[in-house]
Amino acid sequence: MGKFQQTILCFKGFRKYFPLFTGVVFSLLTSVFGPSSHAAIPQRPGIGQTDHRQAVDMASLPWSAIGRVQTELGSRCTGFLVAPTVVETAAHCLFLPKTGRYIQPHDVHFLRAYSKGQYAAHARAIRLLVPPEYDPRNESRTAAFDRATLFLEAPVATMKDVLAVSDRLPSPGTDVVLGGYEQDFSEIVRSDMGCRTGALMVDGGGKPLVTHDCSATRGSSGAPLLSFQDGRWTALGVQVLANYGVGGAAAPLLPLVADGGGGQ
């Protein structure tokens, strides 16, 4: 078990959020701007003028470690395995604005390597954890903590089928790929295979976000920002935000705090 798989067990709590505006205006991947916005809202934020996404092979890494996070209320996002029973995704995918609470764990399903109704394995979540610093009512200050950990009822893969997790922030210009179950191709994963990280930015609380120029839009929330390092595919962060134009930002998987509290 790697360092992240060990330290992630220390995360306790469960808070949530939605968009972020720091310097460059971002559009949250799974929501629509309110009526107060005066700018034209792109139908596919994060794509830009040229769509660089392409189909991928779900039978091999890194894509075989990715799956659909699906709730019994009908919402869907992307998630990925960091251990046979541990999935990372975006926290905002699991928050219920009408109730002000997170969805119950047993109402969340992970379908590994989902494609057009078929999948390699399926399991329900039995526990959800979100860093307690993530606050749905203070979104702009807590975007760097927009990540959720799902603990599954049973393994859906072996250790050779999961992703490594970076223990450091990437340098600008790092080659990356990004793909998920997006709004315009929700039944398959499409990925931008030739993008790079940008300069680090910070949320309103001063915590880092990893920017990138990958083509990715709504529905890619929770997907891993991936880099091939030391002979294996490594997750650099969790996709959480999309630009008006091309690109977006990912929440790091580093433990930005030593500990948390609570959980479901």
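This is a predicted model: local features need pLDDT of at least 70, side-chain atom pairs count only at pLDDT 80 or more; totals for chains, interfaces and linings use all residues.
Among contacts in this protein between residues at least 6 apart in sequence, 71% join residues at least 24 apart. The secondary structure comes to 2 helices and 19 strands. Of the 264 residues in the protein, 56% are buried.

## A strand in the middle of the story

Let us begin with strand β9, which covers residues 108–112. How many of its residues are buried? The count is 5 of 5, so β9 is mostly covered. The cover extends to both faces of the strand: Val-108, Phe-110 and Arg-112 are buried on one side, and His-109 and Leu-111 are buried on the other.

Which strands pair with β9? One partner is β4, residues 66–71, which pairs with β9 in the antiparallel sense over 5 bridges. Another is β10, which runs antiparallel to β9 and is joined to it by 4 bridges. Arg-112 is a handy residue for finding both pairings in the viewer. Gly-67 stands opposite Arg-112, while in β10 the bridge partner of Arg-112 is Ala-121.

## Aromatic rings and a charged neighbour

A search of the whole structure finds 3 aromatic pairs. One of them brings together Phe-95 and Tyr-102, whose ring centres are 5.3 Å apart; with their planes at 70°, the pair is edge-to-face. Both Phe-95 and Tyr-102 are buried.

Tyr-114 and Tyr-181 form another edge-to-face pair, with 6.0 Å from centre to centre and 70° between the planes. Where do these two tyrosines lie along the chain? Tyr-114 is in the loop between β9 and β10, and Tyr-181 is in the loop between β13 and β14, so the pair ties together parts that are 67 residues apart in sequence. Tyr-114 and Tyr-181 are both buried.

Arg-68 lies over the face of Tyr-114, at 4.1 Å from the ring centre. The charged end of Arg-68 also sits over the ring of Tyr-181, 5.8 Å from the centre of that ring.

## Salt bridges

Side chains of opposite charge can pair when their charged atoms come close. In this model, a search of the whole structure finds 4 salt bridges.

| Residue | Partner | N to O distance |
|---|---|---|
| Lys-160 | Asp-161 | 3.4 Å |
| Arg-168 | Asp-167 | 3.4 Å |
| Asp-175 | Arg-196 | 3.2 Å |

Arg-196 counts as partly exposed because its relative accessibility is 49%.

Is Lys-160 buried or exposed? Lys-160 counts as exposed, at 64% relative accessibility. Asp-167, the partner of Arg-168, is exposed, with a relative accessible area of 54%.

Ser-166 has its place in the loop between β12 (164–165) and β13. With a relative accessible area of 9%, Ser-166 is buried. What does the side chain of Ser-166 reach? That side chain comes to the backbone oxygen of Arg-168, at 2.7 Å. Leaving aside residues up to four places away in sequence, Ser-166 touches Thr-234, Ala-235, Leu-236 and Leu-254.

Asp-57 is found in the loop between β3 (53–55) and β4. Asp-57 is partly exposed, with a relative accessible area of 45%. A polar atom of the Asp-57 side chain lies 3.0 Å from the backbone nitrogen of Ala-59. Asp-57 and Ala-113 are 56 residues apart in sequence, and in space they are 9.3 Å apart, C-alpha to C-alpha.

Methods. Residues are numbered from 1 along each chain as its sequence is written. Side-chain values use heavy atoms; hydrogens and water are left out. A salt bridge is a side-chain nitrogen of Lys or Arg within 4 Å of a carboxyl oxygen of Asp or Glu. Buried means under 20% relative accessible area, exposed over 50%, partly exposed in between (1.4 Å probe, protein chains only). Rings of Phe, Tyr and Trp (its six-membered ring) pair if their centres lie within 6.5 Å; planes under 30 degrees apart count as stacked, over 60 as edge-to-face and the rest as tilted. A charge sits over a ring if NZ of Lys or CZ of Arg is within 6 Å of the ring centre and within 35 degrees of the ring normal. Two strands pair if DSSP finds at least two bridges between them. A polar contact is a pair of N or O atoms within 3.5 Å; within protein, one must be able to donate a hydrogen and the other to accept it, and residues adjacent in sequence count only if both atoms are side-chain atoms. Contact means heavy atoms within 4.5 Å.
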